[in-house]
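Biologist: Please put the model on the screen, and we will go through it in questions and answers.

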Amino acid sequence: MINKYPLWKYLLIITVVVMGFIYALPNLYPDDPAVQLTGQRGSVQLTDTELNKAAKALDRAGISYFGQSVENNSGLIRFKSDADQLKAKTVIQQALGDNYVVALNLAPTTPQWLVDIGAGPMKLGLDLRGGVHFLMEVDMKEAIAQRNEVYISEIKTLLRTERLRYRRITRDDGVISIRFKDEELREKATFLLRNEFADFTQVEREADNSFYLDLQLSEEAVRNIEDYAVKQNLTTLRNRVNELGVSEPIVQRQGRNRIVIELPGVQDTAAAKRVLGATANLEFRLEARSDSNTLDTEEYPFRNNPNRLATLERDIIITGNSVSNAQSAFDENGVPQVNIDLDSQGGKLMNRATRNNIRRRMAVLFVEHKIKTTVVEHAGEKVEKRTPYVEKHIISLATIQSALGNSFRITGLDAPGEASELALLLRAGSLAAPIYFVEERTIGPSLGKENIELGVTSVQIGMALVVIFMLAFYKVFGIIANLALTANLVMLAALMSMMSATLTLPGIAGIVLTLGMAVDANVLIFSRIKEELNNGMSPQMAIHAGFERAFVTIFDANLTTLLVAVILFAVGTGPVKGFAVTLSLGILTSMFTAIMVTRALVNVVYGGRQLKKLSI
Amino acid sequence: MTEDNIMSRINRSIDFMAGRKIAGILSIILIVLSIGSLAVNQLKLGLDFTGGTLVEVGFEQAPELEALRLQLENAGFEDVTVQNFGSERDVLVRLAQGFSPTVGNEVLGAIKQNEAYTVELKRAEFVGAQVGEELRDQGGIGMLLALALVMVYVALRFQFKFSVASVAALAHDVIIMLGLFSILQLDFDLTVLAAVLAVIGYSLNDTIVVSDRIRENFRRLRTGSPIEIVNVSLNQTLGRTLITSLTTLLVLLALFFFGGELIHNFAIALLVGVLVGTYSSIYVAANILLMMNIDRDDLIVPETEGEVVDDRP
């Protein structure tokens, strides 16, 4: 029988469309503004006690709330309006204190039965919900330089313990040069270092009556260091973002040396940037002996008095990277201090260094990597020039009274705020290599709302126009095409929700464009049917031929568009990717609805009947 | 369907190819104008591609732009441009300065110096010069890659001449779109680039539908010159081409009028692209096919595809 589908095909199509409808459903439930409560660290529990405390504070402040709950060590309180949410954040933060993170959040209101089958709403991009987007670049050159510094320190120690006397070790653009008095010493050192420092390629050279051993990191080692630096920075940035208290943040690697950070809902970008970009770290060094070789020492100013200088050993005992926990506090005189716990490795190093040097003084160096951006004229064009530089200041220089272990405290900070920020940074880990911001976008919450409203309006109007047009032009077939178009919209929403794809403003534009183009397949089929009718085919034959012949064209045309959408996805970033996603998903769903769904509907309406004419 | 039936309808239909010389000249003029403007005026690249800083500020009452610019310059910002964005109460401030973490609030603070203004920060964007350059390269590569892939696909699915024709049609569309943005000095940013790529997809869609028909008709009509066959094919697909373009234009108009300022240029690019794309699939692609002397020998039916014979009632 022509123009009849077997029963299973109808059932399959109905099932797919119904599934699409169900999974698209969560998008109809608007999110509640909410705040999320979590402990500052894993060890701080969030229980009903804290939630009640927060609730009481809200009662006192006269802010109405509902739906508070605790789950997985994190609490949620919902509000009627955004204004309430903002006020509540401040109130709750005051009530709970600094040990808890209070973050603005949007809580889904998806009914439980939908949650049970794994359905959830689409995610909204930053341009639709407001927030900050950062792109940060890791300074690879500096990462390598820092690593080489550590190697030099290790090499010195090794050569000393093996009693191989060297004259000098210098570092220049990734090459470590060790100078020896005679060839024999160099031979021994070369042999020793080849085994102990396999990451380096070795080159021997002679100059100025001296024998040099040049060490350069192999390409693989460089790549590993770079990789490590980015990964380490990712971890650190994640920790810092968590300390900032942002719900659903994104911290991702992009390309070889970049990191994308998206913080939805964050408005105080200055604070976010200060914490994210901060590169403060600590170095612990011994004060140089008065008879030390000047090549092994460095002079640094004090932080609170730049005119006062102290000479320190070049070798670093440990850095802030060995810190496992840090808390800001006050000493008995009310001076801010930071209590530091070291990890076991750091504790060992610290103990070894201090044990043998009692009565000597140890300095705590406060290290900041900064970047100076200047605009210079270059070939008639203004070019930004970034010069990284390091600022190191001594914050304390104290006599070692006894061997230090895993915990101790440091003082010498200016203000309580500085102590707590240093503690935060030490806790979250320092950045393995300096990073700088290369891109930043802040979208205010009002603009986000506006964008959603505009987007929804244009989808509605676009849809209405197409529906009216199709109805007027194709009559009964127009109704069928419109049903298919609706199914297409629903399925597109369902697919995006299931993939938890992010909807952006260009993404909405992609949906609108898909609507216009989705009817194309139907138009192709219907024109073909009309044409076959004009050529004298019977209505049933014309329907059959129309669908058959149009298929190849539809397939070709859609496949090439899909090809372009994929390229768009590959080269685009952020919002443009969103456009590519909706466009390609839209092409896929429209192929299904325009061919299968339309055909099924046409079969149901016209199939298996004697027809004199078609309403097309 | 019989052959006579179709050939007899040629007389009743529009003779598209009669105007192909005029269309060719028109296309060449448009392309020359576009390339000329691109060479002289260049594209007014948006922040995404140039790098720089941009702050969008919402005002309670529409401010005086020139006064605002002076006020910002007095506050120490260099190279400030100030323009309305969408409405009179929305102002876009562009700064040539490098990155500073607090620029959004600084600008806001400088504006608030004048107490007559009640303002709100809508968005602040900073794109590093290098990132801008990379995005620019990526965009260009994306466009070329799209064209190349399309060419390969069409060459495989159809035939080499079709692939040259469709890529020429696409290049034609892209050049005219870019040219228009250059002539009108509209901001060319990432979303517009997305629109250009979408138009490549869309225009190709059109071109393929037409090519498909030309191929089909060459295979099944044994009489008629190439020009006649192209004409028949264009007439047969005309209804579909117009309706699809119309529905797409309808939704684009919805986007243009209701989609908001952020995608305004995106909508303009697509509107132009769809119009030019429709025109180019009728005139440019078909025209080039004829110029390359397309004929039946190019499209010998592979033996496995016996559909032509089967279709006869």
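Biologist: Which residues of chain A does the UniProt annotation "transmembrane region" cover?
Modeller: This is a predicted model, and the annotation comes from an unreviewed UniProt entry. The record lists the residues of chain A under "transmembrane region" as 7-25, 454-473, 480-501, 507-529, 550-571 and 583-606.

Biologist: What percentage of helix does the chain have over residues 550-571 of chain A?
Modeller: Residues 550-571 of chain A are among those under "transmembrane region" in the UniProt record. Their end C-alpha atoms are 32 Å apart.

Biologist: Which helix of chain B supplies the largest share of the side that touches chain A?
Modeller: The contact takes 65 residues from chain B and 65 residues from chain A. On the side of chain B, the elements that each supply at least two residues are helix 5, strand 5, helix 6, helix 8, helix 9 and helix 10. With 14 residues, the largest share comes from helix 9 of chain B.

Biologist: How many nonpolar residues does the side of chain B that touches chain A have?
Modeller: Sorted by class, that side of chain B has seven charged and 20 polar residues. The nonpolar residues there number 38.

Biologist: Which residue of strand 5 of chain B is the bridge partner of Ile443(A)?
Modeller: Strand 22 of chain A, residues 435-443, is joined to strand 5 of chain B by five bridges. The two strands run antiparallel. Ile443(A) has as its bridge partner Arg123(B).

Biologist: Which residue takes a positive phi in the hairpin of strand 3 of chain B and strand 4 of chain B?
Modeller: Strand 3 (residues 81-85) of chain B pairs with strand 4 of chain B in the antiparallel sense over five bridges. Phe85(B) has Ser87(B) as its bridge partner in strand 4. The hairpin has one residue between the strands, and the positive phi, near 85°, belongs to Gly86(B).

Biologist: Which residue of strand 4 of chain B does Val57(B) stand opposite?
Modeller: Strand 2 (residues 52-59) of chain B and strand 4 (residues 87-95) of chain B are antiparallel and share six bridges. In strand 4 of chain B, the residue opposite Val57(B) is Val91(B).

Biologist: What distance separates the centres of domain 1 of chain B and domain 2 of chain B?
Modeller: Domain 1 of chain B is made of 3-44 + 131-310, and domain 2 of 52-127. Taken over C-alpha atoms, the centres are separated by 42 Å.

Biologist: Which helix gives the most to the side of domain 3 of chain A that touches domain 4 of chain A?
Modeller: Domain 3 of chain A spans 140-219 and domain 4 spans 279-442, with 26 Å between their centres. The contact takes six residues from domain 3 of chain A and seven residues from domain 4 of chain A. Five residues of the domain 3 side come from helix 6 (residues 140-161) of chain A.

Biologist: Is Arg163(A) buried or exposed?
Modeller: Arg163(A) is in the loop between helix 6 and strand 7 of chain A. Its phi is positive, about 55°, although Arg163(A) is not a glycine. Because Arg163(A) has 8 C-beta neighbours inside 10 Å, and 12 or fewer is the cut-off, it counts as exposed.

Biologist: Is Asn293(B) buried or exposed?
Modeller: Asn293(B) lies in the loop between helix 11 and helix 12 of chain B. Its phi is near 55°, positive in a residue other than glycine. Asn293(B) has 10 C-beta neighbours inside 10 Å, so it counts as exposed.

Biologist: How far apart are the end C-alpha atoms of helix 8 of chain A?
Modeller: Helix 8 of chain A has 26 residues, so at 1.5 Å a residue it should span 38 Å. The distance in the model agrees, at 37 Å.

Biologist: Which residue with a positive phi follows helix 8 of chain A?
Modeller: The buried residues of helix 8 of chain A include Ile225(A), Glu226(A), Leu237(A) and Val241(A). After the helix, phi is near 75° at Gly245(A).

Methods: Residues are numbered from 1 along each chain as its sequence is written. Chains are lettered from A and ligands numbered from 1 in the order in which they are written. This is a predicted model: local features need pLDDT of at least 70, side-chain atom pairs count only at pLDDT 80 or more; totals for chains, interfaces and linings use all residues. Domain bounds come from an automatic or database domain assignment. UniProt positions are given in the numbering used here, feature names are shortened, and annotations may be inferred rather than shown by experiment. Helices (H or I, at least four residues) and strands (E, at least two) are DSSP runs, numbered from the N terminus. Two residues are in contact if their C-beta atoms, placed from the backbone, lie within 7 Å. Ala, Val, Leu, Ile, Met, Phe, Trp, Tyr, Cys and Pro count as nonpolar, Asp, Glu, Lys and Arg as charged, and the others, Gly among them, as polar. Two strands pair if DSSP finds at least two bridges between them. A residue is buried if 20 or more other C-beta atoms lie within 10 Å of its own, exposed if 12 or fewer, and partly exposed in between; C-beta atoms are placed from the backbone. The expected span of a helix is 1.5 Å times one less than its number of residues.
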